[in-house]
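Q: I am new to this structure. Please take me through one part of it closely, and then show me what surrounds that part.

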Amino acid sequence: MQCLRCRSTHVRKNGKKASKPNYICAQCGRQFIDSYDLQGYSEEMKHECERNVCEWSRFSSYRMTKKYASSDRNNLGKENG
Ligand SMILES: [Zn+2]
């Protein structure tokens, strides 16, 4: 069992929540339920994830373009120097 926030394995049982064992991190105090998987997320959460992935791919392709542009400039500089 590992803390989702700080990755510490120093977690303690903290009773039950919605009939699932609840844990608390001794390191940062984060509380969480044992089984964290996509099936446990609500539909809204899934949509949120999909939107974030979409945003992320747009963001990374923008960064790629910028990176290529600047590496082109760097390569030109190296050839000259
Ligand atoms: Zn923690």
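A: Start with H10. In this predicted model, H10 sits in the segment before β1, the strand that covers 11-17. H10 has 12 C-beta neighbours inside 10 Å, so it counts as exposed. The cut-off for exposed is 12 or fewer such neighbours.

Leaving aside residues up to four places away in sequence, H10 touches C25, A26 and Q27. Take C25 from that list. H10 and C25 are 15 residues apart in sequence. In space, their C-alpha atoms are 6.2 Å apart.

C25 belongs to β2, which spans residues 20-25.

Now take the pairs one at a time. β1 and β2 run antiparallel and are joined by 5 bridges. Across this pair, K17 stands opposite K20 in β2. β1 and β2 form a hairpin, with 2 residues between the strands. There, A18 takes a positive phi near 50 degrees.

Next comes the other pair. β2 and β3 also pair in the antiparallel sense, over 3 bridges. N22 stands opposite I33 in β3. These two strands form a hairpin as well, with 5 residues between them. In that turn, G29 has a positive phi of about 85 degrees.

Step back to the whole chain. The protein chain has 1 helix and 3 strands. Along the sequence, the pattern reads β-β-β-α. Of its 81 residues, 4% count as buried. Contacts across the chain can be sorted by sequence separation. Among those between residues at least 6 apart, 14% join residues at least 24 apart.

Finally, return to the starting point. H10 comes before β1, is exposed, and touches C25, A26 and Q27.

How values were computed
Residues are numbered from 1 along each chain as its sequence is written. This is a predicted model: local features need pLDDT of at least 70, side-chain atom pairs count only at pLDDT 80 or more; totals for chains, interfaces and linings use all residues. Helices (H or I, at least four residues) and strands (E, at least two) are DSSP runs, numbered from the N terminus. A residue is buried if 20 or more other C-beta atoms lie within 10 Å of its own, exposed if 12 or fewer, and partly exposed in between; C-beta atoms are placed from the backbone. Two residues are in contact if their C-beta atoms, placed from the backbone, lie within 7 Å. Two strands pair if DSSP finds at least two bridges between them.
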